[in-house]
Amino acid sequence: VQDGLFWHLLTYCAGVGGSLLIIGSAAGVVAMGLEKINFGWYLKRISLLALSGYLAGIAVIWLEHVLIGL
């Protein structure tokens, strides 16, 4: 279906999914260099927060389609 739930979730996952790990985006790599962030530190302390935000975004997109019918 054009403009359906699948395509919205696909674009969200493609656009945001790479940023779950700090090395998954150019901005994350720059932040590692400028702020001297270790990958292990990020993985332990930030990755679960990033994952929860990512999953919350998926839930919002799903709810929009189910409740509002976008």
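The model is a predicted one.

**Helix packing**

Two packed helices are described by the angle between their axes and the distance between the axes. Here the pair is helix H1, residues 5-16, and helix H4. Helix H4 covers residues 47-68. The axes of H1 and H4 lie 10 Å apart. The angle between H1 and H4 is about 160 degrees. Angles over 145 degrees count as roughly antiparallel, so H1 and H4 are roughly antiparallel to each other. Their crossing is right-handed.

**Two residues of H4**

Gly 57 sits in helix H4. Its relative accessible area is 16%. Buried means under 20%, so Gly 57 is buried. Val 66 also has its place in helix H4. Val 66 reaches 47% relative accessibility and counts as partly exposed.

**The loops**

Gly 24 lies in the loop between H1 and H2. At 44% relative accessibility, Gly 24 is partly exposed. Lys 36 belongs to another stretch, the loop between H2 and helix H3, residues 39-45. Lys 36 is not a glycine, yet its phi is positive, at about 55 degrees. Lys 36 has a relative accessible area of 67%. The cut-off for exposed is over 50%, so Lys 36 is exposed.

**A nonpolar patch**

Five residues make a nonpolar surface patch: Leu 21, Ile 23, Val 29, Phe 39 and Leu 43. The patch has an area of about 410 Å². One of its members, Val 29, is placed in helix H2, residues 26-35. Val 29 has 46% relative accessibility. That value falls between the 20% and 50% limits, so Val 29 counts as partly exposed.

**Distances across the chain**

The distances run from C-alpha to C-alpha, as given for Gly 24 and Ile 58, for Val 66 and Ile 22, and for Gly 57 and Ile 37.

| Pair | Apart in sequence | C-alpha to C-alpha distance |
|---|---|---|
| Gly 57 and Ile 37 | 20 residues | 25 Å |
| Gly 24 and Ile 58 | 34 residues | 19 Å |
| Val 66 and Ile 22 | 44 residues | 32 Å |

Partly exposed Gly 24 is 19 Å from Ile 58. Val 66 of helix H4 is 32 Å from Ile 22.

Notes. Residues are numbered from 1 along each chain as its sequence is written. This is a predicted model: local features need pLDDT of at least 70, side-chain atom pairs count only at pLDDT 80 or more; totals for chains, interfaces and linings use all residues. Side-chain values use heavy atoms; hydrogens and water are left out. Patches are made of residues with over 30% relative accessible area and no salt bridge: like charges are joined within 9 Å, nonpolar side chains (Val, Leu, Ile, Met, Phe, Trp, Tyr) within 5 Å. Accessible areas come from the Shrake-Rupley method with a 1.4 Å probe; for residues, only the protein chains shown count as cover. A salt bridge is a side-chain nitrogen of Lys or Arg within 4 Å of a carboxyl oxygen of Asp or Glu. Helices (H or I, at least four residues) and strands (E, at least two) are DSSP runs, numbered from the N terminus. Buried means under 20% relative accessible area, exposed over 50%, partly exposed in between (1.4 Å probe, protein chains only). Axes are lines fitted to C-alpha atoms, for helices over the stretch in contact, and angles run from 0 to 180 degrees between N-to-C directions. Angles under 35 degrees count as roughly parallel, over 145 as roughly antiparallel, 65 to 115 as roughly perpendicular and the rest as oblique. A crossing is left-handed if the near helix is turned anticlockwise from the far one by less than a right angle, and right-handed if clockwise.
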